[in-house]
Every structure is written in structure tokens, then in C-alpha cells.
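Subject: Structure handover, with notes on one helix

Hello,

Here is the structure we talked about passing on. My notes follow below it.

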Amino acid sequence: MSRRNFNAEFKTKVVLEALKEVNTLAEIAKKHKLYPQQIATWKKEFLSGASSVFHKGKATSAKSEAELEKDRLMRKIGEQAIEIDFLKKRLP
């Protein structure tokens, strides 16, 4: 039997339903064919990351800066690899 993978939208929907506290975790789990502990884990993860929503792009800008630096370095490596190949061909 293979593991089921759930996308972020589904997890968010289940967690928000759990946060409303209209139904118990057991009822929500039965409805979505999950274990109550799984919902509790998702809820805990959701709440621990909730404060990052209110930071004005600081986390994403740092990530994008790192990605930009990585792209720049990868281009530089590619250029150097081409130069090395060219020079190897020029040498007897």
C-alpha cells in the first residue's frame, strides 16, 4: 500500500475546519479518512508558522536573494566550464 500525499490546500482546509471547533478532531478525521493525530500535527505546524504571514516579505526576500545568488554562481560555473573546454581543445 502506498502512502497518500496531501497538497497544501487540502491540509489548510482540514486545519481551518479543526480550528473552527464545530466538530471534534475524531469527526473531522472520519470525514476526511485521516487519523486524528495527523490533523493535530498539521494544526500544530500551521499555528507555528502562522506568525510568518504578517512579516512583510522578509522571509521571501531572503529566499529570493539566495536563489538569485545561486543562479548567478551557476551561470559563472557554466561560463568557466565552457572556457575550460575551449582551452583544452586549443592545447595540443
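How many residues does helix α1 have, and how far does it reach from its first C-alpha to its last? Helix α1 covers residues 8-20, which makes 13 residues, and spans 18 Å between its end C-alphas, close to the 18 Å expected at 1.5 Å a residue. Please keep in mind that this is a predicted model.

Which residues of α1 are buried? They are Val14, Val15, Glu17 and Ala18. Viewed down the helix axis, the buried residues of α1 lie within an arc of 160°, so they line one face. In general, an α-helix has 3.6 residues a turn, so residues three or four places apart point the same way. On the face of α1 turned away from the buried side sit Glu9 and Lys20, both exposed. After α1 comes Glu21, with a positive phi near 60°.

What do the buried residues of α1 pack against? Their partners are α2 (25-32) and α3 (36-49).

On the α1 side, the contact is made by Phe10, Lys11, Thr12, Val14, Val15, Leu16, Ala18 and Leu19. On the α3 side, Ile39, Trp42, Lys43, Phe46 and Leu47 take part. By class, the residues of this contact are 10 nonpolar, one polar and two charged.

Regards

Conventions: Residues are numbered from 1 along each chain as its sequence is written. This is a predicted model: local features need pLDDT of at least 70, side-chain atom pairs count only at pLDDT 80 or more; totals for chains, interfaces and linings use all residues. Side-chain values use heavy atoms; hydrogens and water are left out. Helices (H or I, at least four residues) and strands (E, at least two) are DSSP runs, numbered from the N terminus. The expected span of a helix is 1.5 Å times one less than its number of residues. Buried means under 20% relative accessible area, exposed over 50%, partly exposed in between (1.4 Å probe, protein chains only). The arc is that of the directions from the helix axis to the C-beta atoms. Contact means heavy atoms within 4.5 Å. Ala, Val, Leu, Ile, Met, Phe, Trp, Tyr, Cys and Pro count as nonpolar, Asp, Glu, Lys and Arg as charged, and the others, Gly among them, as polar.
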